[in-house]
Amino acid sequence: MNTGPYSDEKVQKFLEEQFIPLRSQCFWDKPTGPMQRFGITWTPTFLILDADGKEHHRFVGYVPADDLFANLGLGKAKAFFDSGRMAEAMAQFQTVIDRHPNAGAAPEAVFLLGVAGYKHTQDPKELRRAYETLKAKYPQSEWARRADPYSAIPL
Amino acid sequence: MAEIRWETDFDAALAKARKSGKPVFQDFWFDG
């Protein structure tokens, strides 16, 4: 059962310590309740949920360990973000950026760190800093293009 | 080696999340 990235001892430890791991088998001819609830149409699909079952992050397809860690961290951060816990969200976004700078989830973490920083401080420079980081480190990412309007914010 | 102790019941996972304060990581998989 613990194959692929789950065979990595660091992944096992991280999942055990930081999450409640839940596996849900899919049956295409007879979709299960969880499949219908979350509109699952392909596997593997991974969700980060809060204790009310609300979805905060989703990613589809097999990912290597570094990307898995980054998505897990991003999911935790987005759960904080969605519940208005901006200081905790900022710390978690920063952890993703620092530990997994080459992961596919890193540019989204930079973008949302800027938004969380703005929401936390009301300082629009947080958005401009996110733009600058994205332009410098992830210029080809969609998140850099999404941050483009923030280039007009004075530093 | 540590093993991941997977929960397979959705409601039980949410109950564990409420008790622990941890989020749920849900893996939808297909045996095929």
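**Where the two chains meet**

Mentor: Chain A gives 34 residues to the contact and chain B gives 25. Please keep in mind that this is a predicted model.

Trainee: Which elements of chain B each supply at least two residues of the side that touches chain A?

Mentor: They are helix H1 (10–20) and strand E1 (24–29) of chain B. The largest share of that side of chain B, seven residues, comes from H1(B).

Trainee: And by class, how many nonpolar, polar and charged residues has the side of chain B that touches chain A?

Mentor: That side has 14 nonpolar, three polar and eight charged residues.

Trainee: Turning to the strands, in what order do they stand in the sheet?

Mentor: The order is E1(A)-E1(B)-E2(A)-E3(A), in an open sheet of four strands with mixed pairing. E1 and strand E3 (55–60) of chain A stand at the edges; each has a single partner strand, so one side of each is left without a neighbour in the sheet. From one strand to the next, the twist averages 20°.

Trainee: In which sense does E1(B) pair with strand E1 (residues 20–25) of chain A, parallel or antiparallel?

Mentor: E1(A) and E1(B) pair in the parallel sense, over six bridges. In this region A:Pro21 stands opposite B:Phe25.

Trainee: What about strand E2 (residues 45–49) of chain A and E1(B), parallel or antiparallel?

Mentor: E2(A) pairs with E1(B) in the antiparallel sense, over five bridges. A:Leu47 stands opposite B:Gln26 in E1(B).

Trainee: Which strands does H3(A) touch when it packs on the sheet?

Mentor: H3(A) touches E2 and E3 of chain A together with E1 of chain B, and its direction makes about 155° with that of E3(A). H1(B) lies across E1 of chain A together with E1 of chain B, and runs at about 170° to E1(A).

Trainee: Next, the helices. At roughly what angle do the axes of H3(A) and H4(A) cross?

Mentor: The axes of helix H3 (residues 65–82) of chain A and H4(A) cross at roughly 165° and come within 8 Å. That makes the two helices, H3(A) and H4(A), roughly antiparallel. Their crossing is left-handed.

Trainee: Which residues meet there?

Mentor: From H3(A), the residues include A:Ala70, A:Leu74, A:Ala77 and A:Phe80, and from H4(A) they include A:Ala89, A:Phe93 and A:Val96. The residues of this contact of H3(A) with H4(A) divide into eight nonpolar, three polar and two charged.

Trainee: A change of topic: where is A:His100 found?

Mentor: A:His100 is found in the loop between helix H4 (86–99) and helix H5 (106–121) of chain A.

Trainee: Is A:His100 buried or exposed, and why?

Mentor: A:His100 is buried, because 22 other C-beta atoms lie within 10 Å, and the cut-off for a buried residue is 20 or more.

Trainee: Which residues is A:His100 in contact with, leaving aside neighbours within four places in sequence?

Mentor: A:His100 is in contact with A:Asp66, A:Phe69, A:Ala70 and A:Ala106. A:Asp66 is 34 residues from A:His100 in sequence, yet 6.6 Å from A:His100 in space, C-alpha to C-alpha.

Trainee: Finally, what does the secondary structure of chain A come to?

Mentor: Chain A has seven helices and three strands, in the pattern α-β-α-β-β-α-α-α-α-α along the sequence. Of its 155 residues, 40% count as buried.

How values were computed. Residues are numbered from 1 along each chain as its sequence is written. Chains are lettered from A and ligands numbered from 1 in the order in which they are written. This is a predicted model: local features need pLDDT of at least 70, side-chain atom pairs count only at pLDDT 80 or more; totals for chains, interfaces and linings use all residues. A residue is buried if 20 or more other C-beta atoms lie within 10 Å of its own, exposed if 12 or fewer, and partly exposed in between; C-beta atoms are placed from the backbone. Two residues are in contact if their C-beta atoms, placed from the backbone, lie within 7 Å. Axes are lines fitted to C-alpha atoms, for helices over the stretch in contact, and angles run from 0 to 180 degrees between N-to-C directions. Angles under 35 degrees count as roughly parallel, over 145 as roughly antiparallel, 65 to 115 as roughly perpendicular and the rest as oblique. A crossing is left-handed if the near helix is turned anticlockwise from the far one by less than a right angle, and right-handed if clockwise. Ala, Val, Leu, Ile, Met, Phe, Trp, Tyr, Cys and Pro count as nonpolar, Asp, Glu, Lys and Arg as charged, and the others, Gly among them, as polar. Two strands pair if DSSP finds at least two bridges between them.
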